[in-house]
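Reader: I am new to metal sites. Can you show me how to read one?
Author: Let us look together.

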Amino acid sequence: MDATGTSAPGSYPQDSLRSFLHAIHAEPAFRDVRGPTARIELDHNLKRYVFKALYFHCVARSEDLAHLFPEMTTHYPTFQDVRDTYDQEDTDFYRLYSSDMNARHSFKHPGRNCGRKFKVGEPLYRCHECGFDDTCVLCINCFNPRDHENHHIYTDICSDFTTGICDCGDEEAWKAPLHCKADESEAGSGSDSESAAAPIDDFEFDASRIESVLAQAFDYYIDMFNQNIESLPTFTKDITMKLRELVQEKNDAEIKQFLSDLKYRNPCLTRDLDNDNHVVMIYNDEYHNYSQATTALRQGIPDNVHTDILTSKIDSEGRAMLKCADNVDELMAGFFAVQTNGLCATLISWDEYIHQEACKYIIQWIAHSLSIPNANFQTVFRDTLGKVLCSSSNGDLQRGPRATDVVNKYFPNKLPESYTHRYLDQSILDGDNKIPVGYHKTLPESSLDAISNTINKTEPPKNKTYANTRLQCLLYFDNRFWKRLRKDIQNIIVPTLSSSLAYKPVFCEQVVEIFNHITRQVAYMDREPQLTALRECVVQLFTCPTNAKMIFGDNCGYFIDIVWSVIDIFVDFSKIENGSLVWQRVQKTNPTKSYGISLKQGLYTIETLISKVDDANKLLRPAEFISVVTLCKLFNSAWKIKRKEGEHVLHEDQYFIPYLEYTTSIYSIIQTIVNALVNEGCDEALLLNAIRLINTFLGYKSLTYKLVHDSHEVIKFTVSTDRVAYMNPIHTFFSFLIENVPLIKAYETIVYQDSSALPPVPLTSDNVDPMIVFKEQYENRVSQNFDFLKISDFALRSVVLCSQIDVGFWVRNGMSVLHQTSYYKNNPELNTYSRDIHLNQLAFLWEIDDTPRVIYNLLDRWELLDWFDGNADFKETVYQDKIFLIVQHFIAFVYQILTERQFFQTFESPHEKKMSQIKNAIMYSLYAKPLSYSKLLRLVPDYLTDNTSNFDAALNEISIFKEPRGLADNGVFKLQESLYSKIDPLRVSNLGNEFEGSAAIIKKHLNKNKKNDDNSVILQPQLVSVKHMDEGASQLGAFTRHPIFAKIIYKLLQVCLDNEDGTFLNELLHLIHGIFKDDEQANGKSSLPDAYLSKPISNLLLSIVNSKSEIFSESITSKADFLLKKMISKRTEEVFESLVAGFGQEYVDEYKNKKMSEGVNLEETERERKRRLAKKHQAKLMAKFNNQQSKFMKEHENEFKEKDKDDQLEEDGDVDMTAEEKTVEAEDFTCSLCQDEDDDAMFVVPAYHDHTPIFKSADITDPDQFLSKWNGFTNHDSGSVRLLEEWYTDLKDNGQDNTRKVFVSCNHHIHYGCFRRYIQKKRFSTTAFICPLCQTFSNCVVPVQKSISTTNELELLTYEGPMSVELNDYIKTDASLMNHIEPSLVQIIDDCQSFDKNFHKSIKNPRAGVAYILAGNWANTISMFEIASRLDANSNGVFLAGKEQKFKTLKNMLIFIITLVQAYGLPGNMDEYDSEYKSENRTEPAYLNKLFQFIVKDCLFHEESSVQNTIVAAIYAYAMEFFAEFLHRNPFGALLDMEWQHIEEYHAFPPQAPQAIASVLSHKMGFFSKYNDISEEHKIRVSNLAYTSFLRHLIPTLRRCLIMMKVMQLVVSDVDDEPFTLKDMNIESDLIPDEGLSLRETADKMVSLLTNYSSVEDIVTKDNLYFPYDQEYPKDIPHEFCGLIKLVDLSKYLNTYVTDTNAIDLVEENMHTRNSANRLDFKICLTCGVKIHVRSDRHEMSRHLAKHCFKSFGAFLIPNSSEVCLYLGHPPSFIYISAPYLNSHGEAGRNAMKRGDLTTLNLSRYEHLNRLWINNEIPGYISRVMGDEFRMSILSNGFLFTFNRDPRARRRVPPTNEDDSDENFGEMSGEDDDFYSDEDGEEENRFRNMNGQPGEVRDFFQIFETVRNAMDNGENMEGGVDLTTPFLQLFGPQFRGQGGDGDNEEDEQDNDANPFQDPENPDNDEPRTSW
Ligand SMILES: [Zn+2]
Ligand SMILES: [Zn+2]
Ligand SMILES: [Zn+2]
Ligand SMILES: [Zn+2]
Ligand SMILES: [Zn+2]
Ligand SMILES: [Zn+2]
């Protein structure tokens, strides 16, 4: 049909284009065959040729091209000029430069939908609130964050596998009108851009001209491919065979004729027998892998020697030329050879090849046109493209050559005259070049009354016609195109048409018309079925409601046609079994897997359409309903299994997988239909008719019966011997439908088989089952055949089967049956198990006139009837010893029949029903333990969570949220305590858990606030009251009161007592409890079923109560007691009579007395009892009233305590940010390895010695720096990062300087001897190992000594002399001990190269100097400690308190220094060493804390100075330099007013400088001329600022001095917890008084404590400071930043990075990254703030650190996954932790962002991360998380992991409070140490506390050890040896991609030759790159 209304022009105004294209082969440049290199050039030229010609024809005048391409420089007067330049690259005017495109921002799409296809790396945005469903997406150009404030936005990053187009502008996709960002950016930028945009926009392109170009191009294209049948899978083989035949006959003339007849022809290309230029083309397929393809290609002897290029071209393009020749004979051999391995090849003429390539470029040209950023052009072009595609070629095609001619001539048997579908079966157009007739089906009226067991009668529709448009031809030819061309075509058609308002419906209708054709082609005639255009069409078209409405339209029959197209394919793989047609696994070989693809595609299509239906009644129309059910019923009982006996199955077949797959889809189709019916409501008559229709299918099976007890006919079937099916989707569907109508009506419909003539519903009085009344009244009209067991028995079989498999009765069938049934039974989405129960409940309700028959059938199906009848002993049934377990299942099932009432329950509204279901699901998921939000969502079925606000509301109502507290945990939800009483462990909702365990948990909670024994709690069966149920279900429990059923109960109780086995007794008693309760509901509170009295059940209960305690558990006896009491209270006399008869009076009296003593009077009358209860109730009320207040308090107190306890448990193993560091006991000198306290041996602690990133230089004159106060950890919420050049240059250049090292230690003591053995055993080195106790990464050891108490009173501040010598008195090392340990010291120093490589190499007296090096590091470590403490609130008040671990490390370092001085003397003059650092042309020394360095070194080593004098000297010297420099550098002009204003605005006013200092400053100003002209007031401002700046820069050093003093005191005092005092003041607590101190007071106080001066000014204003010794002042002191040092600021909301990246100011690391502004695959370096994009080699992080940032370690935020990657340079290692953001559900990490929740920065988490970073603890954290993997990383220097393509999954810190996370975390091995072998007895003994396991991985490490030693002589890794590259080749494939799993590698290693046997052999030059 011609949907556009306008007919294409009869003749084209420019026919020239058509003839130009027709003649393209004749162009000299393309005419002749040529070799591979020349062909590449031809390619380029041909493209140019085609592009230029097409663009040229699109415009009237060639100069108009400039409107499309403003950068165009060449002008072409005529078309000939354009043609002539095809070989000149510089004439490609059409090339677009991205800069140009970006600059003009013309992504606008006015008046149309965006339809942009996503590019790799770009985000696609979905909005939960705005989008209609998940398929609605926006591109980055269109997505406007302002449209979606507070919405749930979730993103995907587009990869090669994601497809889709932007839906911006499509009103059907969005619930609210959106404001495209592309439009806004133009409007927002105001007038400037208007002028720039204007000249581009106003040119009007000529639509008719473009239409003519497109029409001619497409007609040429379609005609060309219509003739091209060689590549069709239906012909390729036949043509080859024909040729082979002819070649064998040597019939040259015939060959020529044949090839010529096959050849493409057009008016300019007639078939010319003499032109013998031919080519062999090879096509891609899906069943050859790379190496097979390569081998096959070689056999064809390609003319390109680089077979791999050919192979990859075939892979990417979909085809390639094998060779070409001017003589076809040369090609024949290769043509045949290449096909022997099954490759697809065609032999075509060279001319045809050129035309095919030209066609390819036409399509590429259209794609190119669609990307031109000119909105006007786009509008015209897209519209015209739609018009041309959606109209027919107007007869041109029909007049052209046809493929049928050549087929008829050579393959006449392929087109048998008689067969209607002969053309479609060959995938060609018919004799008129039109779309051939498809296999359409409709259902005639006569087929609409019932559903056949096979297939209802269908007939072909009359007068089926097709539009025959260009579009339909292109879709019909889809299987002829090669891969790339196919994708290109789809990419121009689908996005353009489906985003066009005008053409989308036309497009859809045309696809639907030939849906049958395409589906068949995909299934039977496609080389690459997964590339089918149908897929994208379905996604883009069928999800659109308007299109769906059209498809479901009243008279078109499209939906039915689609369903039958799918059914037809399934039927091809079906067979009739027991009278029913069922699907069968595909057994034909199907290398392309096309059947599977087509079948899945078909099911997806139907589900999609159903989900979009606008009116649910349409699905219930008989034709539609029967069609869908026909498809579904192919899977009803399609998969059957049979129990195996005898031998255990050896090979488990996997045939069930396709059944499971397809049946799951079928279930999901059914669920979708039911959702539509329930959510939208439907007509009851239609629904009843649907029930009737299904009944015609299910209710009329012919089944065999057998007679039981002479009068009851039960169905003859044995689950354990017959072939049995468990998946019956139609049964499930039936249950769904019945649930949604009143039961009576459903019943009537079924028994009458006539929904239209229903008798009136009988009126019933109370307590009379309407079902019975109904039966009585209408007995004569009931269909005699009706037997509901015929339906319900199938459901029963599934249940029995699942149970039998569960208990291990099918063990010989192997594991697969277990997986199958547990998938079936436990899959909440399928919801099948409860449907099976429902059908069995209906059987009891609807066959109520013969309950015994249903009970017997039940017993028989469970294979328990023989036992029940006494024909088999309990232990001698088929189940043998499994009988107890099977009965357990049986009881649970009966209980569920009695209690599962949700399908009968009546609700006010569907919403209420849904909410009840949601709450139920949440309750049963949460009761066992608290869960995080995501985890809970996973446990609750999808159909309950699709509306999150309902879910959240329900969750909120029934649970309590607990906030996360660790760095890696999530917030969790906890079930409210009051709801535990509502949980019934025997219900289906608790199916996954075992009864007793669940019961214990529930009882524990119920008993929480009482002090009773948990077992005294009696769990109540949960029964929905009859009041809230469909009245047709009121007698649901009747069967349990039947004497036969009571007999079952009796016999089961007896079995338990006889066997003294309580396996199922818990469940059985609970069932009895349920039966009693149900009876009370049905027959009144005092009722007890008679059947339970006539059997002496009470006697059995008493026996249980009085049984010996070891026989039954207490929960059993107390429940039995409870039941017995219940029976007694109701029917006292009868029960006691029975008891006395059974046990004698005495025994019963004893029982009575016992109860009396418990306060229970068993014989009181009902009246007495009531009175007693009333009294009790009253008393209770009073008590409650009185105690309410206090009880409330108490309860909450309990809750509080309990909470704390829980939290502690949960956070086991996590870093608890809130808790203070754990206090370590005073000096625990116990070896971590041998646990000895051997005093004589030297102890060491592991330490990590590395550079620190925290030193930052300052601008002392910048008020923003020195006026910002410390105020705890802060973050600037904009997240914008301003790069401070100097800092990062310094970080990069000086970050690796040896003077910038610090120490971190876990302080775990180890004997040095033990340590050496440990290193050796584990093959570590002394410079890279992990602490054996805590796994912290360490690279050196620090020897430690005990302090001892002496009587010496040392005045630390005033003692004159080197502290390092003086303090020696306080540690234990005496001279003899020193001799003992000195060799170890040497070893330690040498191992780590004196802690400074350069020094180690260059200095003459290294050992004495080491103390000096260490003093520098000690000063740095103190500084680090001081900087970290700035994050504390009230930092100056608390920085010395607590933090024992850090002080311990400092103390150990100091003792090390002291020990070194004792051993080797004072370091002496180190000027030489220091000057080395000055000589490197630095403007500033690497250490910025020079002032403190000076103090430390002077205090420790200076022969005469005292600590206080040194500090005074330092302050004085610094002040002099500082003031001079401040005045010199101060930019006064600006400071005067502007700057002052800024200060007033943002900061507290700087304090007044004291007079004395002001005059010093004033005096100094006199030296600078620039102060001459400024006013006094300004001078005062300057001096105030200078003073303030000085204090702020001085205070860090003063704080460091205090820390130093405390550490010295720690050495002096032998008790750790002695408070730190100076001048009799407790500094830790009293330094800053409660009322606080000003800046000046703080500084003065510190000075007064540290020196003998009382204030800073006292020191500074001393004219001539007197030093009692020859002191050199420190000089050229650098300025260190005095503010907060931290990682970069982060945006307040993580979502902002994802949805509005460009709103946050970030710097790109690499300005040249392609498309960077649009990409979402970036990380942010938290050290420097730059944005880095994913590199294809995934080394973006390591490269960034190495080249642009602080090298040692780093942290990166990955916004898209809400994670932070912690990265360590040596050994290369990394882990992922949750980003410091939490969503509203308290979740962090990947779960936090998944659903688009607003995710907010959690300051304390980020602060914690900052502290890790500042304290150099990131490496240790990484190693502890990685555990064993880190050990591997050390030993392999990390290169193992570079193989690992996606290590992320394994190296993620798991949430600590979720035990079974499914995200496959790496094993977190804590203490487990699997490394020690038991080969060495002594060693084993020594390390006896280790969990020893044979060292399986040892050999593996031996290899690394060997290599490592070979490479670097066992020295430090810093030697610069790049271990990665040369190693790659040495390892076999077993190392690829599995790094972490040592055991596997070990196993394979043993089988393989040692890859290091010949490391000298570098000859192996063929790199193994195939991976
Ligand atoms: Zn868009
Ligand atoms: Zn848009
Ligand atoms: Zn939104
Ligand atoms: Zn030891
Ligand atoms: Zn440790
Ligand atoms: Zn960085």
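Reader: Where do I start? What spacing do the donors of the zinc ion (ligand 5) follow along the chain?
Author: Start with the sequence pattern. This is a predicted model. Along the chain, the donors of the zinc ion (ligand 5) are spaced C-x1-H-x22-C-x2-C.

Reader: Which atoms are the protein donors of the zinc ion (ligand 5)?
Author: They are Cys1306 (SG), His1308 (ND1), Cys1331 (SG) and Cys1334 (SG). They lie 1.9 to 2.3 Å from the zinc ion.

Reader: How do I judge the geometry?
Author: Look at the angles. Ideal angles at a metal are 109.5 degrees for four tetrahedral donors. The site of the zinc ion (ligand 5) has angles of 101 to 116° among its four donor atoms and is tetrahedral.

Reader: Is Cys1306 buried or exposed?
Author: Check the relative accessible area. Buried means under 20%. Cys1306 has 14%, so Cys1306 is buried. His1308 is partly exposed, at 22% relative accessibility.

Reader: Now another site. Which protein donors does the zinc ion (ligand 1) have?
Author: Cys114 (SG), Cys139 (SG), Cys142 (SG) and Cys166 (SG), lying 2.2 to 2.3 Å from the zinc ion. Their spacing along the chain is C-x24-C-x2-C-x23-C.

Reader: Why is the arrangement around the zinc ion (ligand 1) tetrahedral?
Author: Because its four donor atoms subtend angles of 104 to 120°, and the cut-off asks that all angles lie between 85 and 135 degrees.

Reader: Which residue coordinates both the zinc ion (ligand 1) and the zinc ion (ligand 2)?
Author: Cys142 does, and the two ions are 4.3 Å apart. Cys142 is buried, at 3% relative accessibility. Cys139 is buried too, at 0%.

Conventions
Residues are numbered from 1 along each chain as its sequence is written. Chains are lettered from A and ligands numbered from 1 in the order in which they are written. This is a predicted model: local features need pLDDT of at least 70, side-chain atom pairs count only at pLDDT 80 or more; totals for chains, interfaces and linings use all residues. Side-chain values use heavy atoms; hydrogens and water are left out. Donors are N, O and S atoms within 2.8 Å of the metal (3.2 Å for Na, K and Ca); water is not among the atoms, so sites may look incomplete. Four donors count as tetrahedral if all angles lie between 85 and 135 degrees; four count as square planar and six as octahedral if opposite donors are over 155 degrees apart and all others between 65 and 115; anything else is irregular. Buried means under 20% relative accessible area, exposed over 50%, partly exposed in between (1.4 Å probe, protein chains only).
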